[in-house]
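The following account leads the reader through a predicted model. It begins with the surroundings of the ligand and then turns to the chain itself.

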Amino acid sequence: MRLVLLQLKGVKDKTSNVLNAVSKINQVAQKYKPRLVALPECFNCPYGTKYFRQYSEPIPDGFTSQELSAAAKNHGIYIVGGTIPELDENGSIYNTCTIWAPNGNLITKYRKMHLFDIDVKGGIRFRESETLAAGSDFTVIDIEGHKIGIGICYDMRFEELARVYRNEGCEMLIYPGAFNMTTGPLHWELLQRSRANDNQLYVVTISPARDEEAEYIAWGHSMVVDPWGQILKSASHGEDIVVADIDFELVKEVRTQIPTFKQRRLDMYTTKRQ
Ligand SMILES: NC(=O)CCC(=O)C(=O)O
């Protein structure tokens, strides 16, 4: 399965961001013939709590959804539509990933479950919960018999979510994500390789491009990590494209050769919903 990850630079204009994403999808769909194209976290909106309501829209009736649906249909591809601020009917806003089928239908959506609320001394303070609500549903999609679990950025820190997906049969996890200049160097690669190694599956992340002028400076380095925990492909920090051919046989190989999931002592330690 060929994936293309689009590490896009955003501006303070929703229409431009969406049209830029669609134009890049058009280019890579023709050039690389992928099965799936994936976009970054918050690709249509600056990443900042003061922007989320202004840029929010309903799903699937909003402008961004309609454009992604048309792009998926035009090229007959799956699109993991990064994330956008979703306005729901009660007025709450979620950080939401939409997933589009090759016929343009919305397969499902995932609302970020763990909100990014941190305060690192001398580094970064951010509180998504100032304006966002947290989702409470797991999201697994099936592409050609391969199950893929969806998370968003900060969700990557929670091994339990990845474990639930592994236990539901996932062979890949996709996290649109925008780490920053404080936590990116420390944890971005580490977390992806950890989740891949813990659960013996592919981990895919899609970051916005770094923009030194932005209020929130994204780390970049979108990545594909294989089930051995090795980096298969990685982007730089600027605008970039990652093209990766996924061999799901590798998942079986690792799980057979290092059968930790048959060896776990669940009689000795339990976590909820394992
Ligand atoms: N958008 C996010 O959830 C950022 C997460 C992050 O940077 C982290 O360190 O975790």
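Glu 41 has a polar side-chain atom 2.8 Å from a nitrogen atom of the ligand. Thr 183 likewise contributes a polar side-chain atom, which lies 2.7 Å from a ligand oxygen atom. In the case of Tyr 154, it is a polar backbone atom that lies 3.2 Å from an oxygen atom of the ligand. The ligand on its own would expose 300 Å², and the protein buries 100% of that area. The space that the ligand takes is the largest cavity.

Cys 153 lies in the loop between strand 10 (146–150) and helix 4 (159–167). Its phi is positive, at about 40°, although Cys 153 is not a glycine.

The peptide bond joining Ile 59 and Pro 60 is cis, with omega at about 10°. Pro 60 belongs to the loop that runs between helix 2 (49–55) and helix 3 (63–75).

Turning to the chain as annotated, an unreviewed UniProt entry assigns the feature "domain: CN hydrolase" to residues 1–248. In the model, this span is 26% helix and 28% strand, and its end C-alpha atoms lie 8 Å apart.

Definitions and conventions. Residues numbered from 1 in each chain as written. Predicted model: local features only at pLDDT ≥ 70, side-chain atom pairs only at ≥ 80, totals over all residues. Heavy atoms only, no water. Polar contact = N/O pair within 3.5 Å; in protein donor to acceptor, adjacent residues only side chain to side chain. Areas by Shrake-Rupley, 256 points an atom, 1.4 Å probe, with all protein chains shown as cover. 1 Å grid on protein atoms, 1.4 Å probe; cavity = no way out; pocket = protein on both sides within 12 Å on 5 of 7 lines; lining within 4 Å. Sits in = over half its atoms within 2 Å of the grid points. UniProt positions renumbered as here; feature names shortened; annotations may be inferred. Helix = DSSP H or I, 4+ residues; strand = E, 2+ residues; numbered from the N terminus.
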